[in-house]
Amino acid sequence: MGAPGPEGLTAGDAPAETQAATRKEGPLKRLYHWVLGWAERPGGPWALGAIATAESFIFPIPPDVLLIPLCIAKPKKAFTFAAICTAGSVFGGMLGYVIGSALFEAIGRPILDLYSGHEAFDAIGRQFQDNLVIALGSAGFTPIPYKVFTIAAGAFSVSFGAFVAISAVSRGARFFLVAALIRVFGEQIRDFIEKYFNILSIVLVIAIVAGFFLIRPLMH
């Protein structure tokens, strides 16, 4: 049986024209459609958790690709889907941390090679030293793949407790933002999210950083 396509059909069930078009697509585009196809299947929420987990240390497709159509299909469960996505992402981040901490040469370095992430890896290490909260808090919203941050956190011996806590807040903020927009505005917000999500992310990062500096005096 083939992988599910965008409409939830397997490759063998699709029309010949669709199959031909799929074969012309690159591997990343086919993987994207495979992820999107889970929105039409009963196991969609399970797939969402698995994809969110894998994306945090190796998988190339962000879980938002599946989170958005699931929330549109069942807006009353949007926050449940966001919670699943957050839990999977944080758990995957913990696996990424372990890879960076204990298996860097065997697994971590090849992953960085796969995503050409060595330059970003070094820059992240410096960011961790400068301000761990801001570096990790903004990690879920930057163009740098989140997996590079999780592996770097382990490799640079970031406090595991701080890593988990900050990751939960930042990744949760990202996924619950998507869920909240869809819950309030419905399917019509989909194009807006896909087009302007980076801008929304920047605004949210600014809010996170501003909040940190506002509460910083209270922490001393």
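Which residues form one aromatic cluster? They are Y97, F160 and F163. This is a predicted model, where local features need pLDDT of at least 70, side-chain atom pairs count only at pLDDT 80 or more, and totals for chains, interfaces and linings use all residues. Residues are numbered from 1 along each chain as its sequence is written, and side-chain values use heavy atoms, with hydrogens and water left out.

**Aromatic rings**

- A pair of aromatic rings is described by the distance of the centres and the angle of the planes.
- Six aromatic pairs occur in the structure; rings of Phe, Tyr and Trp (its six-membered ring) pair if their centres lie within 6.5 Å, and planes under 30 degrees apart count as stacked, over 60 as edge-to-face and the rest as tilted.
- One of them joins W34 and W38 edge-to-face, at 6.1 Å centre to centre and with 85° between the planes.
- W34 is partly exposed at 26% relative accessible area, while W38 counts as buried at 19% (buried means under 20% relative accessible area, exposed over 50%, partly exposed in between, with a 1.4 Å probe and protein chains only).
- F79 and F176 make a stacked pair, because their ring centres are 6.0 Å apart and their planes meet at 25°.
- This pair links distant parts of the chain: F79 belongs to helix α5 (residues 78-102) and F176 to helix α10 (residues 160-185), 97 residues apart. Helices (H or I, at least four residues) are DSSP runs, numbered from the N terminus.

**Charges over rings**

- The charged end of R41 sits over the ring of W38, 4.6 Å from its centre; the rule asks for NZ of Lys or CZ of Arg within 6 Å of the ring centre and within 35 degrees of the ring normal.
- R171 lies over the face of Y146, 4.0 Å from the ring centre.

**A look at P45**

- You will find P45 in helix α3 (residues 44-55), where P45 is partly exposed with a relative accessible area of 27%.
- Leaving aside neighbours within four places in sequence, P45 is in contact (heavy atoms within 4.5 Å) with L70, F81 and I84.
- P45 and A82 are 37 residues apart along the chain, and their C-alpha atoms are separated by 10.0 Å.

**Nonpolar cores**

- The largest nonpolar core has 29 residues, of which V35, L48, L66, L67, C71, I182 and I193 touch the most other members. Such a core is a set of buried Ala, Val, Leu, Ile, Met, Phe, Trp, Tyr and Cys residues joined through side-chain atoms within 4.5 Å.
- Helices α2 (27-37), α3, α4 (64-73), α5 and α10 each supply at least two residues of this core, and α4 gives the most, with seven residues.
- Setting aside neighbours within four places in sequence, L67 is in contact with L48, F81, A82, C85, F175 and V178.
- A second, separate core holds 22 residues, including F57, F104, A120 and V148.

**Cysteines**

- A disulfide is a covalent bond between the sulfur atoms of two cysteines.
- With the cut-off for a pair of cysteine sulfur atoms set within 2.5 Å, the count comes to zero disulfides.
- C71 is buried at 0% relative accessibility, and C85 is buried with a relative accessible area of 0%.
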